[in-house]
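I opened this entry to look up strand pairing first, then the surface. The sequence and structure go in below.

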Amino acid sequence: GNSYLDFVLGASWRHDSRDTSVFPTRGGLQSISGSLTFPGSDLTYYKIQYKNRHYFPLSKKFTLSLNADLGYGDSYGDLSALPFFENFFAGGPRSVRGFESNSLGPRDRDGSAGNDPLGGNLKVVGNAELFFPAPIKTFQDSARLSLFLDVGNVYDTNNANFELGDIRASVGLGATWLSPIGALSFSIAQPLNDEAGDETETFQFNLGSTF
């Protein structure tokens, strides 16, 4: 119902050293981005996000991938917290598999939204993935499989401290196929430390860019 007039300055940097954008085996993709609303805006806040995925060739068939996705935002001036619509979210095929998309972190347990996830101003996500080719020769150039470990969560640091014990984790098997309609990614995941109220999801898929 409310509207705001903000003047936002954004900047980003990106470095790509992968040997290929499709099924890379070495190198990495690193980026950092930030945004800041100018003083005089109705809402005064800032956000910064850092991502780094690196690939390590273990052999001709096996590649290890390590990924970090970190984000933080806060308010300044008269604003008391990061606006809720600027919050970070976690969970889902491109984050912590085995949990429903954007379902992790604080929830509106007392409001009228029905226990909906609210996101948070701090995001911590990490992934370790071992890639290997599909066992069927016909699909070895267009598909690959993986074993993965995902960890992460989002936090509202204005109302609670960051605690490692709140980090959610999952393990599973993933597959990516370069189909005629685009890249299709599938995963079967098992949460390792889900708690009451978490929304888990064993099978997930994503159409578009690979994980």
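**Strand pairing**

I looked up β5 (residues 122-133) and found that this strand pairs with β6 (residues 143-155) in the antiparallel sense, over 12 bridges. Strands here are DSSP E runs of at least two residues, helices are H or I runs of at least four, and both are numbered from the N terminus. Two strands pair if DSSP finds at least two bridges between them. I noted Val 154 in β6 as the bridge partner of Lys 123.

The model is predicted, with pLDDT of at least 70 needed for local features and 80 or more for side-chain atom pairs, while totals for chains, interfaces and linings use all residues. Residues are numbered from 1 along each chain as its sequence is written, and side-chain values use heavy atoms, without hydrogens and water.

Next I followed β6 to β7 (residues 168-179): the two run antiparallel and are joined by 10 bridges. Arg 144 has Thr 176 in β7 as its bridge partner.

**Whole protein**

I counted zero helices and nine strands. The C-alpha atoms fill a box of roughly 60 × 40 × 35 Å along the principal axes.

I checked Phe 186, which is in strand β8. Phe 186 is partly exposed, at a relative accessible area of 30%.

Technical notes
Buried means under 20% relative accessible area, exposed over 50%, partly exposed in between (1.4 Å probe, protein chains only).
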